[in-house]
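Welcome! Here is a friendly briefing to read alongside the sequence and the 3D view.

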Amino acid sequence: MSGVGRDENTGPTKNAKTAKNAENSRLCALSGLCVHRRAAPPRLARWLLERALPPGVRGDAIRGDLLEELRARSRSAARARSWYARQALSLSVRYAWDRARRRTQSDNTKRSPMFLESIWQDLRYAVRSYAKAPTFTIIMLTTLALGIGASTAIFSMVDGILLRPLPFADPDRLIWVNEVNPKGNTMSVSWPNFLDWRARVHAFDGLAAGRTNPFTLTGRDQARRVDGRRVTANFFDILGVRPSLGRNFTQADDRIGAEPVALVSDAFWRRELSGDRAAIGQRLILDARAFTVVGVLPIGFRYVRDTDVFVAMGPFAGDPMLLERGNHAGYFALGRLKRGLTIEAAARELEAIENDLGLQYPQTNSGIAVHLERLSSRIVNTVRQTLLVLFGAVGFLLLIACVNVANLLIARGAARQHELAVRAALGGGRLRIASQLLVESSLASAAGGLVGVGVAAALLRTLVAMAPEGTPRLDDVRLDPSALLFAFAAAAACGIIFGAFPAMQASGVSGQHVVVRGRSGGASARSHRLRRGLMVAEVALALVLLTGAGLMIRTVLQLTHVDTGFRADHLLTMQVSFRGERWTDAKRVAFLDEVFARVRALPGVANAAAVLSLPIDGSQWNSVFVAEGQPVPERRELLPSAAMTPVTAGYFETMGMRLVRGRLFTVADGAQSSRVVVINEMLARRMWPGEDPLGKRLKQGWPETPGTWREVVGIVADVKVDGLSELTPLQVYIPFPQSPTSDLAFVVRTDVDPASLQPAVEAAVHVLDRDLPVFSVRTMDRVLEASIARERMAVLVLMVFAIVALTLASVGLYGVVAHGVTERTHEIGVRIALGAERRHVLGLVVRQGLSMAVLGTAIGVAGAITLSRWIEGLLFGVTATDPATIVAVVAMLLTVALVACYVPAWRATRVDPTQALRAE
Amino acid sequence: MPPAYLGEFEQLLLLAVLRVGSDAFAPDVARELEARAGRSVSRGHLYTSLDRLEDKGLLRWKVAAGTAVRDGLPRRAYTVTPAGVAALRASRDVLQRMWHGLDGLLKEPSR
């Protein structure tokens, strides 16, 4: 052993020092003051080093040196990172080589060094031969890089969002539970039902409940809206998460009348409580109630989405509304399945309990069912289909790329038969030649894979930036080792499969035969047939992708032309939330009058009003109702339900909605005046078909519960409530003073750019009350755009894929036809010499090329129709087998194919017969 | 045992370690090489060469504690072993013998 001082004699002191240093650098990072912290090594390079460097202190020391040098080069972070990446690459190559050398030395066999030597030779030969044909090399690398890059990027999305396990202990045992009403609609869980489940169920190690609960945080410089969640005390135990500071919730925190306590996220602790350990025990004023901070959650902890504050149930547990069994107040249950039990077993047990509850409390519980789902799948429900469609599409793209590369390699293999035959004749063994071809194709795919990783990184950044708001687990999306593995596996598959064709051909030819015949340049008929077959496949695949893109484009076009029922331009919206005792009904009404008087006086403002739920954004209050003069159905689940929407006077005018009959609300419709409503056309048609609804009355709630009958005074045109693609629900507008809610959206109609008025409107609110947080400020155009972000993303990605596919297919087609022309130069020359007209030659070549395209198109159309049901769920206003789209796509593809064939065909007509014949 | 044979780069490396002084760190060695010999060396080449010299018994190293700027990762401090010094000396002697008598032929051309 050479080298003094290994790990053993530096044990304790080194460890202590290392720990201290780690602590120092952590503090340094927290303070954000240390300059050398700016440059972080590229993740890919770090990953590479972790695998390539020797284990233990040797590798650690090299990594440390690199880090130090990287940070010393902090003048240009980008340059420093690129330096780091280059060094990482050089280290990996050198150490890999070193290891291989050591291994062959220790193997002490004769074959290995020879083998290595010959691979090395093959590699150098391959590099030289690629360098000699730069166009071929560039086309092949671009094709591979695009195919591998796009598929790696989409795979990273799919992996991060759908496949990678949630960051909780044993996440597969986490089960989400909700209730389902007799119509089959998802409902939240009634609190008393949850308590009964928890008392009786055996299938779970524990069952928790929780709901989102945004809070208004006051008592600081300015009131703020914070994302919160109320949960039962065992919630974090079930997730398997412990606070990094302070304590977890305990059973006592859930008891009625317990002191209100909160756990805060690490980010919130650093931001709002200055990361101070003394924050434990401090008070937070949330919705005008003081909560004691008892703990801080670990860094990076995230449940479904970022949440600042979790509070225990204590302050809410005694709420009489919560204890009402018929009230499904937004709670969802989360259980940890007992080890060894299936989700089906748990579902059977909960269903049995739910049935018992139905018999026990028929009024509220009959016909209600439970629904169990793994938390992991629940979280990604909204994006699963889009991602899978994109994943399928990218698979097609990768196939196209592979087919294209195969075509190129076969063409090259055919052209090189002469060279290979010469080598065979000179004594090159078949195995040797085949292995050289394999090395060549593997090298190409490795290089393509490397460039592809770059393409993937860029594409992934774009995709993440483009992803619809609220896409779950986006933070988990990164170019990770498994995606890289995928890329290289794809590349290697391309290399080996398509390296195999020429290799097989080469090893199948007899040397002499080709040395003699090879000069005449004939690729075998077999390889030509193979190429034509591959070309047909490529066109078919491209057509499927084009059809998908075409359908998505039609979908987005349809969506953007949907009649929303209101004017979305020049409309500023923002949310406010009145929380706490001081906001009595009367105070809220008065406050709004005052605010809107001020806002309307602002220059550039045409009108302003407030509403509970913005159109498109979804209804916040759905309720059953009873219509006067209509029979009440026997079964409760058949009662009609409507989106109840309190609005202030001037709302309809501000939104630019159309009055169909009757009148709109005025300031005269106050808290004390007679109860009135305005309904939408949908409700008028449904409840009073053929009758005049004006003057009729309706009542919100169950038939037997006492409530106020309200008179219909107006009918307005339908507006889209739950997104552009959803049907308009029945809707009941109520004057705000007659049903004042605590959450509201302001809508401000402007004559100028609506976004420019945001500060002025917010100021008008804060002049009156500095503790009222204003949040979610968006223009209505933005709301509309966000509502179709999913479709837009799908359209964009599919379009890029389709364009790449079309380009690859046309380049491929061009290549095959051009190659055919080159091979037939002699024949064409003879034809022209014998008097064939040039346009006949043109027709001949174009016809042969187009026949491949037509056949491919036909297969592609059949494929697209077969696959159409996969995309159906993403479409709107167009069927998956829309003939217009298919015709348009076919026309486009054939046009491009025609151009791709025409160019080489035109070149064929320029063949000079004397030249062609002399060349023989 | 005769002194080990040294390649040109190995000579430069050992000399650079000696110049940096006792307990040389690899980045300092690289800087010294670049400053004095004008050789910019990739880290892959640097570390595998250092390892090779260690295998030949011409270099040794001990672990030194890391600092914050390197996230607490340890350092290796290199020293040239007596065998390394002997190898350098032998190389120099060979070169000097080869140079001997050629000064007239190889002197800088006058402008």
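**Aromatic rings**

Ring pairs join Phe168(A), Phe235(A), Phe236(A), Phe249(A), Phe301(A), Tyr303(A) and Phe310(A) into one cluster. Please keep in mind that this is a predicted model. Across all chains, a search of the whole structure turns up 22 aromatic pairs.

- One of the aromatic pairs is formed by Phe215(A) and Phe291(A), which is tilted, with 6.0 Å centre to centre and 55° between the planes.
- Phe215(A) belongs to strand 4 of chain A and Phe291(A) to strand 10 (residues 289-296) of chain A, so this pair ties together parts that are 76 residues apart in sequence.
- Phe215(A) is buried, at a relative accessible area of 2%, and Phe291(A) is buried too, at 1%.
- The rings of Tyr651(A) and Tyr733(A) also make a tilted pair, because their planes lie at 40° with the centres 6.5 Å apart.
- Distant parts of the chain are linked by this pair: Tyr651(A) is in helix 21 (residues 651-655) of chain A and Tyr733(A) is in strand 22 (residues 731-735) of chain A, 82 residues apart.
- Tyr651(A) is buried, with 2% relative accessible area, and Tyr733(A) is buried at 1%.

**Charges over rings**

- Arg73(A) sits over the face of Trp83(A), 4.1 Å from the ring centre.
- Lys587(A) sits over the face of Trp583(A), 4.8 Å from the ring centre.

**Strand 4 and its partners**

- Strand 4 (residues 215-218) of chain A is covered on both faces: Phe215(A) and Leu217(A) on one side, and Thr216(A) and Thr218(A) on the other, are all buried.
- Strand 4 of chain A runs antiparallel to strand 5 (residues 224-226) of chain A, and three bridges join them.
- Leu286(A) in strand 9 of chain A is the bridge partner of Leu217(A).

**Around Ala52(A)**

- Ala52(A) lies in helix 2 (residues 43-52) of chain A and counts as buried, at 7% relative accessibility.
- Although 44 residues separate Ala52(A) and Ala96(A) in sequence, they are 6.7 Å apart in space, C-alpha to C-alpha.
- Beyond its neighbours within four places in sequence, Ala52(A) is in contact with Ser92(A), Tyr95(A) and Arg99(A).

**Cysteines**

- The structure holds zero disulfides over all chains.
- Cys402(A) is buried, at a relative accessible area of 12%, and Cys901(A) is buried at 0%.

Definitions and conventions. Residues numbered from 1 in each chain as written. Chains lettered and ligands numbered in written order. Predicted model: local features only at pLDDT ≥ 70, side-chain atom pairs only at ≥ 80, totals over all residues. Heavy atoms only, no water. Buried < 20%, exposed > 50% of the residue type's maximum accessible area, 1.4 Å probe, protein only. Helix = DSSP H or I, 4+ residues; strand = E, 2+ residues; numbered from the N terminus. Pairing = 2+ DSSP bridges. Contact = heavy atoms within 4.5 Å. Disulfide = S-S within 2.5 Å. Phe/Tyr/Trp six-rings, centres within 6.5 Å; stacked < 30°, edge-to-face > 60°. Lys NZ or Arg CZ within 6 Å of the ring centre and 35° of its normal.
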